[in-house]
Structures are given as C-alpha cells and as structure tokens.
Amino acid sequence: MEITTAAKNRFTLSLSHWHQNYNVRNLPWKGEKDPYKIWLSEIILQQTRAAQGLPYYLAFTHAFPTVAHLAVADDADVFRLWQGLGYYNRCKNMLATARIITSAHHGVFPNTYIQLLALKGIGPYTAAAIASFAFNQPVAVVDGNVYRVLSRCFGIDSPIDSTSGKKLFAELAQQLLPPDNSAAHNQAIMDLGATVCTPALPKCDSCPLSKLCVATKSDLIRQLPIKSKKIIVKERFFNYIIFQHNNNTWITQRQAGDIWENLHEPYLIETKQPTEAIALYKDNLPLNAHPNSLKLISKSKQKLTHQVINTCFYTLVINDLSQFNMPNGWWVNNSELKKLAFPKTLVSFFKNNLYF
Ligand code: SF4
C-alpha cells in the first residue's frame with residue numbers, strides 16, 4: 001500500500017501538536033539526557049510495564065548513580081536489586097556492558113547508533129532510544145507501541161514479527177521522523193501508543209491521528225497489528241525441597257542455559273508432570289529419611305512468556321547431617337536468605353512463610 005507524502009506529513013505534524021499540548025504522560029526518565037540513565041530505563045522496561053519498572057529504575061539510579069558505579073558493583077548486589085523483574089539475562093548483559101563501557105570506552109557511552117548496537121544486550125530499539133534521546137541522532141525507535149500506532153493509522157497488515165514486516169515498519173518510522181526533532185517525535189509516538197492507541201480499547205475520540213486513521217475508518221482496530229507466529233508455551237513442574245537444619249536452608253545456584261540463570265534456589269526436582277510427594281521421595285531423593293517427613297507447604301503457578309512454571313514447595317527437616325550429602329550447595333541461615341537473589345516465585349514463598 002502506497003502512503004502519500006501528504007499523509008506522512010500530517011501524521012508527523014498531528015503527533016507533534018498532540019505532544020506539545022496534550023501529552024501528559026510523566027515518567028522520571030522522560031526528557032533525560034544522560035545516556036546511562038536512558039539505557040537503564042530501557043533495559044528495565046523491556047518486557048516490563050512502566051509502573052512495575054519505575055521502582056527498579058529509582059533503586060538502580062540511587063544505588064549506582066553512574067555507569068562506573070554499576071561496573072564495579074558485586075554481581076550478587078546487582079542481581080538482588082533486579083530480583084522480581086525476571087528475564088535475568090537482561091541484568092547479566094547490563095553488567096557486562098557497564099564493564100565494557102568503563103574499560104573499553106573510558107566510562108563514556110558511545111554516541112552513535114552503530115556503536116551502541118555493538119554493545120551486549122543493546123538491540124536496534126535500545127540503540128535508537130539512546131542515540132535519539134541522549135544524542136539527538138535522527139534514528140526512529142520502533143517498539144510495540146510504535147508498531148501498533150503505525151499499523152492501525154496506516155492500515156498495514158504485514159506481520160510485525162516477520163522479517164519483511166519489521167523492515168517495512170522500520171523504514172516507515174524513519175520516514176516519519178523529523179531529523180531535527182527526533183527525541184520529541186520518538187517520545188511522542190511511544191507515549192501515544194502507551195496512553196491513547198492502547199492494545200485494547202484505544203481512545204480514538206481523543207487521538208490526534210483519528211482523521212487519518214485507516215483502522216478506525218475500516219473497523220480494523222481489533223485486527224491490527226498482525227502477528228504471524230503463535231508463542232508456544234511449555235508447561236514445567238518444579239518441586240522445591242526446602243531442607244531445614246537448625247534454622248538453616250540448603251541453597252544452590254542455578255546454572256547457565258535455563259531460566260533464572262545465576263539466581264539461587266533450594267533443592268529442585270523437575271518432573272515431566274505433577275508428581276505426588278511419595279513418588280518424589282522414592283525416585284529423586286538420595287536421602288535416608290522417612291517419606292512422611294516431606295511436607296507440602298504451598299503451590300504456585302508463574303506465567304513467563306514461553307513457559308508456565310507450576311511449583312510445589314516442600315520442607316524436609318534434616319536432623320542428622322551425617323545422612324545428608326547433597327552436592328553443589330551450602331547451608332544458609334534463614335535470617336541471611338534475604339541477602340541472596342532468588343526468582344520471584346521463591347521470594348514470594350519465603351516472604352509468605354516468614355523466612356524473610
Ligand atoms: S484513531 Fe484509534 S486506532 Fe487510530 S491511531 Fe488513534 S487511537 Fe489508534
């Protein structure tokens with residue numbers, strides 16, 4: 001579909017007018033010029049709603065006011081602060097990038113899109129956000145909000161998760177960008193997507209693009225944007241055995257190659273289906289204890305993007321340590337557990353069961 005230059009100009013002007021006069025979205029990183037803080041906010045907000053990310057942004061900027069502070073921080077302290085945000089690879093890459101910027105770039109953020117893109121954990125969206133917000137580079141940001149606004153406004157039905165669709169939207173976003181006002185334009189389109197052209201129930205009556213919008217005229221709002229791939233969700237069954245000995249808990253650290261890398265957890269038995277305590281005991285516990293001593297305390301279900309984690313929490317009191325020779329772990333006093341970084345589901349369990 002051909003989009004005329006006149007339509008593109010109207011889009012950009014209408015958006016700019018709305019941003020200057022009606023955009024009331026207020027977030028602490030808006031208007032920020034420090035590339036470090038912009039980068040932090042963008043990494044925190046990937047896969048995370050602004051309201052949920054806000055306290056993390058404030059905590060990180062308070063604990064680590066500059067990239068140099070973050071670069072020299074203990075991994076454990078950074079992971080503990082990240083606790084609850086999920087997608088821990090973001091945190092791992094963030095630390096790696098902070099250290100590269102300090103060592104290879106003398107603590108100064110690169111100021112071009114291409115150089116930013118070369119850093120770990122920085123993809124096209126984040127590189128464009130830093131380049132435009134911090135350095136006024138004329139690079140268009142394209143996130144979920146932008147895809148939604150553009151596909152609806154111009155009636156584009158190319159899948160936003162296809163290679164050709166991504167290229168088409170990126171080119172269009174770039175054509176709409178006023179080169180001398182990229183930061184404000186990028187902020188405006190993202191804010192419009194977040195507050196007006198929302199996924200469900202967009203506020204078309206108060207939208208500055210309503211006169212242009214193909215989706216409203218053709219009743220396509222619910223169909224657009226289009227995604228071609230369905231996310232396949234895998235169901236997993238975690239059984240945590242929380243060994244207790246004299247007010248201590250047996251803790252291990254998760255390894256690379258799976259969710260929650262580097263975070264801590266009690267002894268885990270993963271099964272292919274829901275499994276009764278007696279079967280867990282017989283098949284998976286290399287321990288000489290009475291099966292009845294395994295006590296189910298609670299259950300939880302956590303939905304991640306590609307996985308659903310069904311968790312059962314058991315406790316097992318260990319009286320005689322001579323019978324206990326589990327590998328790869330150590331005893332942690334229950335009062336010290338809060339100093340370790342755990343996945344969200346375990347933090348909730350410990351809080352609800354008075355360990356924290
Ligand atoms: S008119 Fe409605 S559907 Fe179209 S861009 Fe505005 S909010 Fe979105």
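1. A word on terms before we start: a residue is buried under 20% relative accessible area, exposed over 50%, and partly exposed in between, using a 1.4 Å probe and protein chains only. By that scale Asp-75 is partly exposed at 39%.

2. Please keep in mind that this is a predicted model, in which local features need pLDDT of at least 70, side-chain atom pairs count only at pLDDT 80 or more, and totals for chains, interfaces and linings use all residues. Residues are numbered from 1 along each chain as its sequence is written, and side-chain values use heavy atoms, with hydrogens and water left out.

3. Now the salt bridges (a side-chain nitrogen of Lys or Arg within 4 Å of a carboxyl oxygen of Asp or Glu). The count comes to 12. Asp-75 pairs with Arg-99, with 2.9 Å between the closest N and O atoms. Asp-75 belongs to helix α5 and Arg-99 to helix α6, so this pair ties together parts 24 residues apart in sequence. Helices (H or I, at least four residues) and strands (E, at least two) are DSSP runs numbered from the N terminus.

4. Have a look at Glu-261 and Lys-92 too, whose closest N and O atoms are 2.7 Å apart in a salt bridge. Glu-261 sits in the loop between β2 and β3 and Lys-92 in helix α6, so parts 169 residues apart in sequence are tied together. Glu-261 is buried at 13%, whereas Lys-92 is partly exposed at 35%.

5. Asp-258 and Arg-236 also form a salt bridge (2.8 Å, N to O). Arg-236 is buried, at 6% relative accessible area, while Asp-258 is partly exposed at 32%. Salt bridges with shared partners join Arg-236, Arg-254, Asp-258, Glu-265 and Glu-270 into one network.

6. On to the cavities. On a 1 Å grid over the protein atoms alone, a cavity is a set of points where a 1.4 Å probe fits but cannot get out, and lining residues have an atom within 4 Å of a point. A volume is the space filled by probe spheres set on the points, which are joined across faces, edges and corners. The search finds 2 cavities of 30 Å³ or more. The largest holds about 120 Å³; of its 14 lining residues, Arg-152, Cys-197, Cys-204, Cys-207 and Cys-213 are the closest to its centre.

7. The second largest cavity holds about 40 Å³. Among the residues lining this second cavity are Val-141, Leu-150, His-185 and Ile-189. Helix α11 gives the largest share of that lining, 3 residues.

Technical notes:
On a 1 Å grid over the protein atoms alone, a cavity is a set of points where a 1.4 Å probe fits but cannot get out, and a pocket is an open set with protein on both sides within 12 Å along at least five of seven lines; lining residues have an atom within 4 Å of a point.
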